[in-house]
Amino acid sequence: AMCLMRNLPIAVQNLGGGPFAAHVAEYDKDKVSLTVWPNATTVFPTVGDMTVQLAESGAVRVTLLDSASGYRVAPGSRHKVVFTALVPPDLPGTKPGRKKRRPQPPPVTTQTVTADANGTLQFELGTSAARIDIAPAQ
């Protein structure tokens, strides 16, 4: 099977210098949605998706540049960035013989990030896996 890959003006960097995996799920003029896994070394491709083995938490820097044909990042513009921690379903602690705790919703953090004078949006987060949604701030 063949898939079309395109260059996107997004850079993801593991600040610890280690490996990482990233997947851009949505990229258009209204929204950017991506998932990052710092320190991930094992990726299993599946049809139309992938499975990533979780690794230790790490610090990640995401840089998004302005694109005339995609998501716009004007100098000084403000953007709503939503981080959703992706916690595996078996993480809520269980002990043999005890009833499983009800899974909790993943932690969500929202912040407003301002683009620099060159039209570059940049932010950092620490995670083992997170979905990041970026949209113009209202």
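Which residue forms a salt bridge with lysine 31, and how far apart are the closest N and O atoms? I looked it up in the model, which is a predicted one. The partner is aspartate 133, with the closest N and O atoms 3.9 Å apart. Lysine 31 sits in the loop between strand S2 (20-27) and S3, and aspartate 133 is in strand S10, so the pair ties together parts 102 residues apart in sequence.

Aspartate 133 counts as buried at 12% relative accessibility, while lysine 31 is partly exposed at 29%.

Aspartate 133 also meets arginine 131 in a salt bridge, 3.1 Å from N to O. Shared partners join Lys31, Arg131 and Asp133 into one network. Arginine 131 is partly exposed at 33% relative accessibility.

I counted five salt bridges by this rule. One of them pairs glutamate 124 with arginine 61 at 2.8 Å, N to O. Glutamate 124 is in strand S9 and arginine 61 in strand S6, 63 residues apart.

Then I turned to the nonpolar core. The largest has 21 residues, and Val32, Leu64, Phe123, Ile132 and Ile134 have the most contacts inside it. Among the elements giving it two or more residues are strand S1 (10-14), strand S3 (32-38) and strand S10 (130-136). A second, separate core has five residues, including Ala21 and Ala129.

Last entry: threonine 84, in strand S7 (residues 78-85). Threonine 84 is buried at 7% relative accessibility. Beyond its sequence neighbours within four places, its contacts include Pro106, Ala129 and Arg131.

Technical notes. Residues are numbered from 1 along each chain as its sequence is written. This is a predicted model: local features need pLDDT of at least 70, side-chain atom pairs count only at pLDDT 80 or more; totals for chains, interfaces and linings use all residues. Side-chain values use heavy atoms; hydrogens and water are left out. Helices (H or I, at least four residues) and strands (E, at least two) are DSSP runs, numbered from the N terminus. Buried means under 20% relative accessible area, exposed over 50%, partly exposed in between (1.4 Å probe, protein chains only). Contact means heavy atoms within 4.5 Å. A nonpolar core is a set of buried Ala, Val, Leu, Ile, Met, Phe, Trp, Tyr and Cys residues joined through side-chain atoms within 4.5 Å. A salt bridge is a side-chain nitrogen of Lys or Arg within 4 Å of a carboxyl oxygen of Asp or Glu.
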